Every structure is written in C-alpha cells, then in structure tokens.
Amino acid sequence: MDRSTVVARLRQAGCVFAEEEADILLAAAKDSCKHEATHSCAHEAASCHGAPSELLGEFLARRVAGEPLEQIVGWVEFAGQRIAVAPGVFVPRQRTALLAQQSILAVQAAKSAKSAEAARVAEALKSAEAANLGEAAKSVQVAKSANRGDKEVRFLEAFCGVGPVAATVSRAVPGTRIHLGDHDETALDCARMNAGPQAHFDLLDCLTGLPETLTGGFDVISAVPPYVPDSAAEFLPHEAVDYEAQTALFGGADGLDLIRRLICESCKWMAPGGVVLIELGSDQQHTAVEFATAKGFAVSSILGEDGQTVVLELRSRD
Ligand SMILES: C[S@@+](CC[C@H](N)C(=O)[O-])C[C@H]1O[C@@H](n2cnc3c(N)ncnc32)[C@H](O)[C@@H]1O
C-alpha cells in the first residue's frame, strides 16, 4: 500500500492530520517488522513478523475504526521524549507538560534545600567529632551516613498511568528516587519501560498500598487523577471514551472525587516541607482550593497557556 492510499483512507475516516498520521503509521509498520515484537508494549499482540504492508493494513484498519494513533504505534511524544503506551491505557496529554515542568522545579528545590541542610549538619558533626573523640565518634559516623541518605529527594507520581511525569523528572533530575503507583497493571507495565530501571512501582488504590516504611517520606507527590465530571462524557472525543479505561477518565459528579481522596491521603505520606502537585481543570480550581485549605494546606496554583489546565500546589501549613 503506498503513502497516498494511506493518506486518502485516513482523510476519508475524518483524520485532520492525515499526512502526518500516514507517515507515522508507515514508519511504525516498517519499524515493527525490523524488530522483535517485545520492543514495544503495544505490539506484543501484533504479528510483527509479517510483511510491513500486512502490518500497515492492520494499523490502518485500527486507526480508521477510531483507535488512538498512539495506542496503535505504541508511543506518544511527551516533553521531548517517547513514552511507551499500550492499547486500553490512558494516553498522556500534552497539557500535562505543565505538571511535569512544575514537578521538576519542585524536585530541584527540594534537592537544594536538602543539600543546604546536609552541609549545615555535616559542619555541626565535624565540630562535634573534633570535640568528642572516642565513644562519640561512632555515633557521629552513624549520623553522617543518615545525613547522606537524607539528601536524596523522593518523588511519587500517583495515578501514574504510563508514568509521563515520573519519566520526565527522572530524566531531568538524575539521582531522584522515583516511585509510581496506579491501579491499572497494564499501565504500570508501560510505566516500567518509561521511568527507568531504578524506579519503584506499587499497585495502589489512590495512595493506599504504599509500603508503610515510606510514611512521611515523599518530598514531592504529583498526580493527574481522573478529573472529568461524569456528566461531561458526551463532550469527550470518541477516541478517549471508546479506547481508554473509564476509570482513567471520570472523577464523579464534579470530577473531584479522587482529587479529594488524594488531598486527604497525601498528609500521611508527605515529608516535612513536602509538596503535592495536582492537575485539574480551571473550572474545578475554586472548589478544590477550598477543600484543600479546609484540610490545612497552603494552596497556590498555576494556569497553563491553554487557559484551561491548572496545577495546584499544596504545602502543609505546619
Ligand atoms: C487521567 S489518567 C493520568 C495518567 C498519567 N498520570 C498521565 O498523565 O498520563 C488517571 C490514572 O489514574 C488511574 N486510577 C484511576 N483510579 C485510580 C485509583 N483509585 N487508584 C489508583 N489509580 C487510579 C488510572 O488507571 C489512570 O492511569
């Protein structure tokens, strides 16, 4: 099948960017036949050993039926990197780049604060060591290694899906301890490919299921919980409603059910001075800010360039 046929079929099916999509499908079909099926989670079930034209035909048929392009080819471009996705999972949206950017800034700020604190403690320990030789030296050594461990920043992407925010933070701030959690195992499998070999993964219900040892341990928690109001289903594109899990999209009557849960549950897991960053819609901001303030958080917010995406920043008032 040649390019012009692919473009024509895509255009007929209502694809606005038919040329661009045709090129992506052609490249993906060629690529998949060159490599083993395991190279991308989206292709595990596909017959990658067939001719490129066979695979292209299959990809095209899926796209014409309405499946998101990203789920077909197995990746999405996000914040300058390719993020693996699979059929059925939530495809990261470009608007979430704002949350990724704010997360990087928060992790960098936590890292600077910890380095400054560690330098201060190291100086104090040095003086203590000089003054207390013998028995005290041992406890000084213990305190020193604890101080080294404390310098690491712990970041959690809750409701991670395929983990676009964690992947971006991991790449931008090496050395960060990256954790991810979601209730969808397929999404977590993709997140494993995206967030790097050092990351930790937990099957979670909101934050329930995190190891107790991490209580009070997260310097930054970032999340895009499902926040579409149940009644807004008719305004979503068919691609989302038909090909992404409903539980990845909808957040109850006002869309804030899981955001309220996250706000309540995060108190237990935040480190002193920690921050929680949450993406939501600008029309939901007022209600969410009121709720978080009533729960004892100091709240600020950033509005995205699209005028619709907001990132809330919650800090404990203590
Ligand atoms: C809107 S998607 C966001 C995914 C990802 N952060 C992103 O931006 O691409 C919401 C995610 O929350 C997960 N989710 C929904 N309800 C959950 C729950 N109760 N506990 C944990 N994860 C949940 C879904 O599986 C989905 O991956």
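**Entry: helix α10**

I am working on a predicted model. I began with the burial pattern of α10. Leu-258, Ile-259, Leu-262, Ile-263, Glu-265, Ser-266 and Trp-269 are buried there. I recalled the general rule: an α-helix has 3.6 residues a turn, so residues three or four places apart point the same way.

Next I asked what covers the buried residues of α10. The cover includes the strands β3 (154-158), β6 (218-223), β7 (270-281), β8 (297-303) and β9 (309-316). Helix α11 (285-294) is also part of that cover.

Then I checked the length. Helix α10 takes in residues 257-269, which is 13 residues. At 1.5 Å a residue, α10 should span 18 Å. I found its end C-alpha atoms 19 Å apart, which agrees.

**Entry: the ligand**

I counted the shell next. There are 19 residues around the ligand. The closest are Glu-157, Phe-159, Asp-182, Asp-205 and Cys-206. By class, the shell divides into 11 nonpolar, 4 polar and 4 charged residues.

Which backbone atoms lie by a nitrogen atom of the ligand? I looked up Phe-159, Leu-204 and Cys-206. For Phe-159, a backbone N or O atom is 3.0 Å from a ligand nitrogen. For Leu-204, the corresponding distance is 3.4 Å. For Cys-206, I noted 2.8 Å. How much of the ligand's accessible area does the protein cover? On its own the ligand has 600 Å², and the protein covers 96% of that.

I had a reason to look at phi: most residues other than glycine have a negative phi. Cys-206 has a positive phi of about 55°, although it is not a glycine. I placed Cys-206 in the loop between β5 (200-203) and β6. Is Cys-206 buried or exposed? Its relative accessible area is 6%, so Cys-206 is buried. This is also one of the closest residues to the ligand.

Ala-79 is in the loop between β1 (75-78) and β2 (81-84). At a relative accessible area of 33%, Ala-79 is partly exposed.

**Entry: Thr-168**

Thr-168 is in helix α7 (residues 164-172). Its relative accessibility is 4%, so I logged Thr-168 as buried; the cut-off is under 20%.

Leaving aside neighbours within four places in sequence, I listed the contacts of Thr-168: Phe-78, Ala-79, Gln-81, Ala-100 and Ile-104. A polar atom of the Thr-168 side chain lies 2.6 Å from the backbone oxygen of Pro-164.

**Entry: Thr-176**

I moved on to Thr-176, in the loop between α7 and β4 (177-182). What is its relative accessible area? The value is 14%, so Thr-176 is buried.

A polar atom of the Thr-176 side chain lies 2.6 Å from the backbone oxygen of Val-173. Beyond its neighbours within four places in sequence, Thr-176 is in contact with Val-107, Val-153, Phe-155 and Val-169.

Asp-189 is in helix α8 (residues 185-194). I read 44% relative accessibility, so Asp-189 counts as partly exposed. Then I looked across the chain. Val-85 is 104 residues away from Asp-189 in sequence, and their C-alpha atoms are separated by 9.3 Å.

Ser-115 is in helix α5 (residues 97-131). At 37% relative accessibility, Ser-115 is partly exposed.

**Entry: the whole chain**

I left the totals for the end. The protein chain comes to 11 helices and 9 strands. It has 318 residues, and 45% of them count as buried. Among contacts with a separation of 6 or more, 62% join residues 24 or more positions apart. The accessible surface is about 15,500 Å². Carbon and sulfur atoms account for 54% of that surface.

Methods:
Residues numbered from 1 in each chain as written. Predicted model: local features only at pLDDT ≥ 70, side-chain atom pairs only at ≥ 80, totals over all residues. Heavy atoms only, no water. Helix = DSSP H or I, 4+ residues; strand = E, 2+ residues; numbered from the N terminus. Expected span 1.5 Å × (residues − 1). Buried < 20%, exposed > 50% of the residue type's maximum accessible area, 1.4 Å probe, protein only. Contact = heavy atoms within 4.5 Å. Near = heavy atom within 4 Å. Polar contact = N/O pair within 3.5 Å; in protein donor to acceptor, adjacent residues only side chain to side chain. Areas by Shrake-Rupley, 256 points an atom, 1.4 Å probe, with all protein chains shown as cover. Nonpolar A, V, L, I, M, F, W, Y, C, P; charged D, E, K, R; others polar.
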